[in-house]
Structures are given as C-alpha cells and as structure tokens.
Amino acid sequence: MLQAQHLTKTFGSLAAVADISFDLLAGQTLAILGPSGCGKSTLLALLAGLVRPDSGSVLWEGQPLDDTPTHRRNFGLMFQDYALFPHLNVADNVAFGLHGPDKHRAAANMLARLDLAGFEKRDVQTLSGGEAQRVALARALAPRPRLLMLDEPLGALDRALREQLTAELRGLLGEFGQTAIYVTHDQQEAFGIADQLLVMQNGRAIQLADPETVYRHPATDWVRRFLGPARLASGRVAADGIHTDLGWWPAPPGDALHMGDEVTLLVRAEGVRKR
C-alpha cells in the first residue's frame with residue numbers, strides 16, 4: 001500500500017536519510033529500528049509529509065503523495081509525549097479528530113476496545129503512563145487512518161510496562177487490520193511488534209527483512225552488535241554437524257552446506273545448551 005522510493009533528505013552536510021526505499025503491504029507493521037540520531041524520525045516525517053524530501057517519492061497504492069499535505073494523507077500520528085490536550089477530558093481527546101453527531105459514541109466505543117470503558121470523563125492529567133498511552137492510541141485509531149505512524153510511543157514508560165503494552169499493541173493492530181509504521185531504538189519492542197524490520201544506521205537502510213531473518217542472519221557486523229551480545233565462531237562442516245573452537249553445533253536446517261565448507265556461526269546465549 002505504501003511505497004518509499006529513494007527518499008533522501010540532508011540538513012547542511014548531514015545526510016539524515018540517504019536513498020531509502022521499501023514497500024509496506026496492507027495490514028503489516030514495519031518497525032524502523034536504529035540508535036538515536038540515525039534518521040528514523042526524519043524518515044517518518046518524510047513519509048507523513050511533515051518534511052519534503054530532497055529527492056525521492058512516497059506513493060500510496062501507486063499514487064504519488066508528494067504534493068498531498070499531511071492533513072490530507074489520512075495518516076494517524078502518535079508520538080512519545082502523546083500530546084493529549086490537558087484542557088479536554090479523555091472522551092473529548094479521543095473525539096477530537098472525529099466529526100458528526102455520533103463522534104462521542106464512536107470515541108466511547110474505541111475506549112472500550114482499549115479496556116478504557118468508564119474513563120470518558122477522566123481528566124487526562126490524572127492518568128497513569130499506561131492509561132495515557134492507551135488514550136493517545138485510541139485518539140490515533142478513532143478516525144480509522146489508512147496508515148498509523150508511531151514514533152517511540154513507549155519510550156517514556158518503564159521496561160515492564162513497555163513489554164506489556166508492546167504485546168497489547170501488537171494484538172490491537174492485528175485486530176484492526178491496521179497498517180502501521182513503528183519507530184523505535186529498542187530492539188525488544190521492534191521484534192515484539194514488527195512483521196518487517198528496517199534497520200537504520202547513519203541515515204541509511206542497512207537491512208530490511210522479517211524479524212527472524214534479521215536476528216538470525218544480520219546483514220553486517222554492526223547489525224549483529226546492535227542487536228545484542230553474540231559471539232562469532234569459525235568452523236568447518238563435517239558429516240555430524242559443524243565443529244568450532246566453541247564446540248560442536250548441528251547444521252542449521254535449510255542451509256546449503258557441504259562437507260568441508262568453512263563457515264562462521266553467530267552464537268547467542270539462548271542458543272547454547274549444556275550437554
């Protein structure tokens with residue numbers, strides 16, 4: 001549904017986004033993952049129309065959006081600070097982007113689907129971090145955007161709550177069939193929510209694949225180190241598996257290996273078992 005074609009944006013001598021292309025299918029969640037300052041939020045701003053690219057194009061269902069302003073793209077945006085209106089109660093916050101006589105009923109229904117039934121009259125300044133996150137998500141989902149864009153939406157929460165809400169958010173996006181882009185620097189969040197992962201470094205797309213492929217077959221040594229502790233082990237393929245200086249390992253299923261091949265294994269802690 002969404003296509004990014006060779007998007008590039010520079011600020012002075014800094015290439016914030018450098019020639020990035022990808023396709024996003026209907027109902028999928030793409031996580032854009034990378035360290036702070038790598039260009040994730042700039043890429044999101046280009047896709048949303050908040051910033052114009054120096055070159056490249058954004059298309060929706062094959063139609064270019066380059067001259068379509070942000071408010072006409074029907075994209076929902078949710079940021080780390082949630083940007084809830086302090087002078088409005090919960091229901092009025094959720095109904096803010098809705099129109100028509102039934103907008104408060106629609107807002108109440110959305111709140112109920114996010115386990116916030118009965119919160120309609122609550123002052124948003126009395127909400128916990130998790131409750132505020134759900135209200136912000138309800139407001140973003142209420143207009144039924146064709147694309148939901150989330151920029152570090154759980155960054156201000158503690159680890160335990162982030163893990164819980166990542167799982168809940170994954171379930172909600174699937175329930176709604178919502179196409180989404182999720183920007184984060186947190187590897188655990190990205191792997192917990194994404195159908196596809198775009199890993200960025202210094203403004204460039206380093207790897208684009210499903211989470212399992214990125215985890216098991218990182219494209220570069222930098223991706224391997226960014227995803228967490230791991231060791232590399234040199235080895236040789238034998239009839240009974242792969243022999244390395246770290247011991248014996250079974251040959252990975254599906255890999256086209258031959259007797260005598262020299263290989264390098266990526267070994268993570270969860271892959272090790274005591275025999």
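Strands here are DSSP runs (E, at least two residues), and helices are DSSP runs (H or I, at least four residues), both numbered from the N terminus. The model is predicted: local features need pLDDT of at least 70, side-chain atom pairs count only at pLDDT 80 or more, and totals for chains, interfaces and linings use all residues. Residues are numbered from 1 along each chain as its sequence is written, and side-chain values use heavy atoms, without hydrogens and water.

I then noted that Leu 232 has Leu 266 of strand 14 as its bridge partner. Strand 11 (residues 231-238) and strand 14 run antiparallel and are joined by 6 bridges. Two strands pair if DSSP finds at least two bridges between them.

I traced the open sheet of 4 strands, which has the order 13-12-11-14 and antiparallel pairing. Its edge strands, strand 13 (247-249) and strand 14 (262-267), each pair on one side only.

I compared the faces of strand 14: Val 263, Leu 265 and Val 267 form the covered face, whereas Glu 262, Thr 264 and Leu 266 form the uncovered one. In a regular strand, side chains alternate between the two faces of the sheet.

I turned to helix 3 (residues 103-113), where Ala 107, Met 110 and Leu 111 are buried (under 20% relative accessible area, 1.4 Å probe, protein chains only). These buried residues line one face of the helix, because they fall within an arc of 100° seen down its axis; the arc is that of the directions from the helix axis to the C-beta atoms.

Conventions: Buried means under 20% relative accessible area, exposed over 50%, partly exposed in between (1.4 Å probe, protein chains only).
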